[in-house]
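Reader: I am new to this structure and would enjoy a close look at one part of it. Could you start with the aromatic rings and then show me around a pocket?

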Amino acid sequence: MSALWESPFFGVTLTILAYWAGCRIQKRTGLVICNGLVLAVGMIVAVLVILDIPYEAYNAGGSLINLFLGPATVCLAVTIYAQIDQLKKNLLPILAGCTAGALTSVLSIWGLCRLFGLDRELTVSLLPKSVTTPIATALAEGQGGIVSITVAAVIYTGILGNLCAPFLIRLFRVKDPVAAGLGIGACSHAMGTARALELGETEGAMSGLAIGLCGIVTTLVVLCLGGLL
């Protein structure tokens, strides 16, 4: 049986089936809390715990799925290109909004880490929590952070944004699809962008654009703060 778990196909198959089941449950219930991604994570954890399967055995295949994260993010350029007129029309607000979003995210985490007395290692691990995983892990590793904590923080941030984005848009009465998309992408990277695409093509395109712009700004800010910590 252990030979089955150690096969890369096990991790890939389990991940795909769990996500498929999560999406089916979400569609059937229509509840926000029944998010397909959240349910998939819960089901995978349950299987690993109940069957006493080591995480390393699962990750032999699960890590293969991570390889598609970068190309999937790049593919968002197709959606962005389809909204090129919106981009040209709102170039200055988009640049200003992404810069403000990235600065707010990084500086708020830095302030909270200082407030709670976290050491440098934990601080640099949490600073890039609002950018996409490839950028966040590279930043954390380069600054001497703990990559596993960075990944956990990025995933948690993405799931939270995916769940809360529609509610927050209604709560603050955000009517402009460009503003809604930029806000989602700046805060919750690719997972939030998946929800933004469900809200509309413009929201999805702007959210995908925010991933790249906020990634650049966050990188510069984290490198500066890393030198000061």
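Author: Tyr55 and Tyr58 sit three residues apart in helix α4 (residues 55-66), so about one helical turn separates them. Helices here are DSSP runs of H or I with at least four residues, strands are runs of E with at least two, and both are numbered from the N terminus. Please keep in mind that this is a predicted model, in which local features need pLDDT of at least 70, side-chain atom pairs count only at pLDDT 80 or more, and totals for chains, interfaces and linings use all residues. Residues are numbered from 1 along each chain as its sequence is written, and side-chain values use heavy atoms, with hydrogens and water left out.

A search of the whole structure turns up one aromatic pair. The ring centres of Tyr55 and Tyr58 are 6.2 Å apart and their planes meet at 45°, so the pair is tilted. For such a pair, rings of Phe, Tyr and Trp (its six-membered ring) have centres within 6.5 Å; planes under 30 degrees apart are stacked, over 60 edge-to-face, and the rest tilted. Tyr55 is partly exposed at 49% relative accessible area, whereas Tyr58 is buried at 10%. Buried means under 20%, exposed over 50%, and partly exposed in between, with a 1.4 Å probe and protein chains only.

Of its 22 lining residues, Leu168, Gly183, Ile184, Cys187 and Ser188 are the closest to its centre. A pocket is an open set of points on a 1 Å grid over the protein atoms alone, where a 1.4 Å probe fits, with protein on both sides within 12 Å along at least five of seven lines; lining residues have an atom within 4 Å of a point.

The largest share, eight residues, comes from α11.

Arg173 lies in the loop between α11 and α12 and has a positive phi of about 55° although it is not a glycine. Arg173 is exposed, at 68% relative accessible area. His189, in helix α12, also is not a glycine and has a positive phi, near 40°. At 3% relative accessibility, His189 is buried.
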